[in-house]
Amino acid sequence: MAATVQQQATFAQSLQVQLRILRALFMREVLTRYGRHNIGFLWLFVEPMIFTLGVTALWTATKSVHGSNLPIVAFALTGYSSVLLWRNMPGRCIGALQGSLSLLFHRNIRVLDIYVARLMLEFGGATISFTTLGLLFISIGWLAPPEDILEIAGGWLIIAWFGSALAIWLGALSHEYELVDKIWHPLAYLIFPLSGSAFMVDVLPKLAQEVVLYLPMVHGVEIVREGYFGAAARAHYNLSYVLPFCLVLTGLALFQVRKVAKVVVPE
Amino acid sequence: MISVRDLRKVYPTRMGDKLVLDGISFDLGMGERLGILGQNGAGKSTMVRLISGAEKPTAGTIKSSLSISWPLAFGGGFQYNLTGIDNIRFISRVYEQDFERNLAYVEEFAELGPYLREPLRSYSSGMKARLAFAISMIIEFDCFLIDEIASVGDARFHDKCNHELFERRGNRAMVIVSHDAAYIRDNCTRWAVLHGGKFKEYNDFEHAYADFKELIGWKPPPGWPFVEPVIA
């Protein structure tokens, strides 16, 4: 019987419950966000694709000065897709708990599950958009195939890890402090030009390089570009900075979730 | 058996901490139905949420060898921007139940007709209660937590609910919160009054109700609580 959750469950049973809950929340998220109208859940990746296409077109038209001789389409695709990944994740998690309080009536649904389900959707959408556009551009000849797909995946996952940890931390924090919601929007806007999507670190002056490399997503974008263009990208990144950074941020995020879960009132 | 020990719940407010539940202890076994009387804001719903495990107590423990339902209350557990059917689908996934079977049951029991395909926000409170009640009857818990929801609705639905709860599931444990005193009187086996954070148990309804009226300073009209309106 599914409802008997009182006995000490084994790890396998707990894992099964966890997966069941995440699946239910994920499907619910798809429905509430995209509904069943027009193209429905296809919006999941059509929306980020439109964004990326638009930016690619703009940057191509204005011959955006990114200071290197890398092809602009590939540059825009890798850059803007990365932005969508780290910027939309916190956007989806801030205030998420407030709208999901009624779900907490079901004891197996925990605060963290609500964030994780949203992040799964966000990650899925951004990833499908990135790969679909990549394949499309390659097949029509706008883009050369990437040098190292595994390295791209690695960089992409680092950006996703950073985005997820930041999202959960800000999401849980926003339940305690409304200010988070107000501050995140301008902050995200201001960080965007510094996030490495519109420039290569290599073309910056030495001092500026040191400054932007404090931003963790810059490392991820650089890795993605190195995977795409190979040595031509002359990427600058430091795994022993970005990985511990994400680890500490994850710790902070889980701590904040625990704190919120203790006092949250389902309604 | 559910064992509640020294349950305490404090909510922070702008005027300082508010002690809602102040050291509550009781046991509840299978077949027992505990009816709780209390003013608005006395902490009845809070207590139900704590027992369900949805919310954490400030102090104290709740131990249970029974499976406990979610609080069957207005609003809780459902999503208003989804349709009735999508809500059934969601609950079926959460509790690992067969969706098709559940849908058939809810369609028949709740009698919502085409509204099942509309978002919950277009439902009246009686319709929400019907859906909530029907869905919760699909999943067989040992203990049901009922927060007002079964005592609303029209007379016919009321009877159906009573049949499902007290006849077909008469062997289960229940905690029932309602402002309908006759409902509590007729359907419970134990009674308690929650007032000022304290919890007092009674073996018969009349004593519990007399104390409750005294505590809230209310004189009911003669003949109260009515069961059926007197029709001349």
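Trainee: Where should I begin?
Mentor: With confidence, since this is a predicted model. The mean pLDDT of chain A is 90, and 95% of its residues reach 70 or more.

Trainee: Which elements of chain A have the lowest and the highest mean pLDDT?
Mentor: Helix H2 of chain A, residues 43-61, has the lowest at 84, and helix H5 of chain A, residues 149-176, has the highest at 97. Over residues 1-6 of chain A the pLDDT is below 50. That stretch has 18 contacts in the model beyond near neighbours in sequence.

Trainee: How many helices and strands are there in chain A?
Mentor: Nine helices and zero strands. Read from the N terminus, the order of elements is α-α-α-α-α-α-α-α-α.

Trainee: What does the radius of gyration of chain A say?
Mentor: The value is 20 Å, close to the 18 Å that the globule rule gives for 267 residues, so chain A is as compact as a globular protein of that length. The C-alpha trace of chain A spans about 60 × 45 × 35 Å along its principal axes. Of the 267 residues in chain A, 41% are buried. Among contacts in chain A between residues at least 6 apart in sequence, 76% join residues at least 24 apart.

Trainee: How do I read a single position in a helix?
Mentor: The general idea is geometric. An α-helix has 3.6 residues a turn, so residues three or four places apart point the same way. For a case, take A:Leu84, found in helix H3 of chain A, residues 72-93.

Trainee: Is A:Leu84 buried or exposed?
Mentor: A:Leu84 is buried: 23 other C-beta atoms lie within 10 Å, and the cut-off for a buried residue is 20 or more. Leaving aside neighbours within four places in sequence, A:Leu84 is in contact with A:Pro48, A:Phe51 and A:Ala126. A:Leu84 and A:Ile152 lie 68 residues apart in sequence and 16 Å apart in space, C-alpha to C-alpha.

Trainee: Now chain B. How are paired strands read?
Mentor: Strands of a sheet pair through backbone hydrogen bonds, either parallel or antiparallel. In chain B, an open sheet of three strands has the order S2-S1-S4, with antiparallel pairing. Its edge strands are S2 (16-28) and S4 (59-64) of chain B, each of which pairs on one side only. On average, neighbouring strands of this sheet are turned by 25° against each other, direction ignored.

Trainee: How many bridges join S1(B) to S4(B)?
Mentor: Five bridges join strand S1 of chain B, residues 2-13, to S4(B). B:Ser3 stands opposite B:Lys63 in S4(B). Helix H1(B) packs on the sheet and touches S1, S2 and S4 of chain B, its direction making about 125° with that of S1(B).

Trainee: Why is H1(B) called largely enclosed?
Mentor: Eight of the nine residues of H1(B) are buried, so H1(B) is largely enclosed by the rest of the structure. Among them are B:Met47, B:Val48, B:Leu50 and B:Ile51, and also B:Lys44 and B:Arg49. After H1(B) comes B:Gly53, with a positive phi near 90°.

Trainee: Where is there parallel pairing?
Mentor: At strand S6 of chain B. Strand S3 of chain B (residues 33-38) runs parallel to S6(B), joined by four bridges, and strand S5 of chain B (residues 143-147) runs parallel to S6(B), joined by five. B:Val175 in S6(B) is the bridge partner of B:Leu34 and stands opposite B:Leu145.

Trainee: Which way do the residues of S6(B) point?
Mentor: B:Ala173, B:Val175 and B:Val177 point one way, B:Met174 and B:Ile176 the other, and all are buried. Five of the five residues of S6(B) are buried, so this strand is largely enclosed by the rest of the structure.

Trainee: And a hairpin?
Mentor: Strands S7 (residues 190-195) and S8 (residues 198-202) of chain B pair in the antiparallel sense over five bridges. B:Phe199 in S8(B) is the bridge partner of B:Leu194. Two residues lie between the strands, and B:Gly196 takes a positive phi near 55°.

Trainee: Last, how many residues are in contact between the chains?
Mentor: 29 residues of chain B are in contact with 25 residues of chain A. Helices H1 (44-52) and H2 (84-94) of chain B each supply at least two residues of the side of chain B that touches chain A. H2(B) gives the most, with four residues. The residues of that side divide into eleven nonpolar, eleven polar and seven charged.

Notes: Residues numbered from 1 in each chain as written. Chains lettered and ligands numbered in written order. Predicted model: local features only at pLDDT ≥ 70, side-chain atom pairs only at ≥ 80, totals over all residues. Contact = placed C-beta atoms within 7 Å. Nonpolar A, V, L, I, M, F, W, Y, C, P; charged D, E, K, R; others polar. Buried ≥ 20, exposed ≤ 12 C-beta atoms within 10 Å, placed from the backbone. Rg over C-alpha atoms; globule rule 2.2 N^0.38 Å. Pairing = 2+ DSSP bridges. pLDDT = per-residue confidence, 0-100. Axes fitted to C-alpha atoms, helices over the stretch in contact; angles between N-to-C directions.
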